[in-house]
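Dear colleague,

Here is the structure I said I would pass on. My notes on helix packing and the sheet follow below.

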Amino acid sequence: MRNAEFQVEGRTAERCAPLNSAFRIPHSAFRISFRPMSVQAIAWSPSGAVRIVDQRALPEARIERDLESAEAVAEAIRTLQVRGAPLIGIAAAMGLVAGTRERRGAPREEFLGRLAELARLLAASRPLDRMTRRAATTPGDGAALWERLRAEATAIWEEDRAMCRRIGEAGLPLVPDGATVLTHCNAGALATGGIGTALAPIYLAHEAGRRLHVFVDETRPVLQGARLTAWELAHAGIPCTLIADAAAGSLMRQAKVDLVIVGADRIAANGDFANKIGTYPLAVLALHHGVPFYCAAPSSTIDAALRDGDGIPIEQRSPDEVKTVAGRPVAPAAVAALNPAFDVTPARYVTGFLTDRGLRKPPFGAD
C-alpha cells in the first residue's frame with residue numbers, strides 16, 4: 001500500500017511521539033507544513049486519495065496522511081489512525097473509491113468484482129452496502145461506476161456532517177449559558193465527518209456565544225479523552241478541564257456538573273446502549289447525584305432488531321493497552337489484564353437520547 005504524504009503541524013517530525021510504541025510512524029515519510037489548526041478528520045486530497053488526520057499522534061502533532069488504496073484505509077482503521085463508528089463508515093466508503101480508481105478503464109464486471117473484493121476487505125457496514133448497491137444499479141463501464149462511487153461517498157460524508165448538526169440542535173437547549181458539561185471518550189469532529197455527536201451541542205452552544213465549561217474524562221486505557229477531546233476543545237477555544245476517570249463522582253457530589261453527554265457505538269431497541277468502557281459507572285454516578293445523563297448518537301445507531309443490551313457483543317482488546325502508558329509498562333509483565341472496549345448502560349440510567357431526529361425516549365420501534 002502507498003500513502004502519498006504526511007503533514008505535521010505544531011512540532012517537527014523528530015519531536016512527534018505517538019502514545020504507544022505500536023503506533024510508531026516512520027519519520028522519513030513526513031512532510032512538514034505549518035498552517036492554522038482546523039478539525040477536519042477526513043477529506044479528499046487534490047489527487048483523489050483519502051486524506052485523514054492520523055489520530056495516533058495527537059495531541060503532540062497534527063499529522064495528515066493521504067491514503068491511496070483501500071488496503072491503506074483498512075490499515076488506518078485497524079491501527080486507530082481513524083476511529084469512531086461514523087468516521088469509520090465514511091473512510092470505508094471513500095476507501096472503495098480510492099481502491100477502484102485505477103480500475104476506471106476496466107469492463108463493468110471486472111470493476112464490480114474488484115469492488116466486491118475491497119468491500120469484504122473493509123468489512124460489512126451500512127455505507128459499504130449502500131456503495132455496492134449504487135454501483136450495481138448504475139449503467140456503464142468502470143469509468144461511470146467509479147464516478148458514481150465517488151459521488152456517493154461524498155454524499156455519505158455530507159449527510160454525516162448534516163446529521164451531526166441536527167444532533168447538536170437537539171441538544172442545544174440542554175446547554176444553557178454558564179453550563180458545565182462532562183463527557184467521556186471522544187465523540188466529536190475526530191470521530192465523525194462533522195462536529196461530532198456528544199460534542200455537537202457543546203460546539204453549537206459555543207457558537208451561540210454561551211459561556212460553558214467541559215470536564216473531559218481521560219478515558220483509560222487509550223486516553224481518547226485526554227488525547228483527542230481535550231485537543232479538539234482547546235483548539236476550538238472552548239474552556240475544558242481534563243480529569244481522571246475516577247474523579248467524576250467527586251465532582252458530581254460537589255454539584256460541579258450540570259449534565260453528562262456521551263456517545264454510543266450501538267443502541268438496543270429498549271434503550272440499553274454500548275459505549276466506551278467507563279460509561280456505565282458514569283451513568284450510575286449521574287443517577288445517584290441527580291445529574292441529567294444524555295446519550296448522543298445518529299438514529300442509525302439504534303438497532304430495532306436488538307431487544308436489549310445483553311445482545312451487544314463486547315470487543316476485547318489487547319491487554320497491553322491496560323499494562324502500558326505511552327509505550328512504558330505500568331504493571332508486571334506476568335500479570336493478566338482485562339481490556340473490554342465497551343460497556344453497556346441500561347436504559348433506566350439515561351435521561352434522553354439526542355439524535356438527528358430530535359430528543360427521543362426508548363423503547364425504539366423500527367422507524
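A residue counts as buried here when its relative accessible area is under 20%. The model is a predicted one.

By that cut-off, Ala200, Pro201, Ile202, Tyr203, Leu204 and Ala205 of H6 are buried. After H6 comes Gly209, with a positive phi near 85°.

The sheet is open and has 7 strands in the order S8-S7-S6-S9-S12-S17-S18, with mixed pairing. Its edge strands, S8 (240-243) and S18 (358-360), each pair on one side only. From one strand to the next the twist averages 25°. S7 pairs with S8 in the parallel sense over 4 bridges, and Asp217 has Ile243 in S8 as its bridge partner.

Two helices lie across strands of this kind: H6 across S6, S7, S9 and S17, at about 155° to S7, and H5 across S12 (293-296), S17 and S18, at about 140° to S17.

H5 (residues 142-171) also packs with H2 (residues 85-100), at an angle of about 165° and with the axes 9 Å apart. That makes the two helices roughly antiparallel. Their crossing is left-handed. Residues in the contact include Ile90, Met94 and Val97 of H2 and Trp146, Leu149 and Trp157 of H5. By class, the contact has 10 nonpolar, 1 polar and 2 charged residues.

Regards

Technical notes:
Residues are numbered from 1 along each chain as its sequence is written. This is a predicted model: local features need pLDDT of at least 70, side-chain atom pairs count only at pLDDT 80 or more; totals for chains, interfaces and linings use all residues. Side-chain values use heavy atoms; hydrogens and water are left out. Axes are lines fitted to C-alpha atoms, for helices over the stretch in contact, and angles run from 0 to 180 degrees between N-to-C directions. Angles under 35 degrees count as roughly parallel, over 145 as roughly antiparallel, 65 to 115 as roughly perpendicular and the rest as oblique. A crossing is left-handed if the near helix is turned anticlockwise from the far one by less than a right angle, and right-handed if clockwise. Contact means heavy atoms within 4.5 Å. Ala, Val, Leu, Ile, Met, Phe, Trp, Tyr, Cys and Pro count as nonpolar, Asp, Glu, Lys and Arg as charged, and the others, Gly among them, as polar. Buried means under 20% relative accessible area, exposed over 50%, partly exposed in between (1.4 Å probe, protein chains only). Two strands pair if DSSP finds at least two bridges between them.
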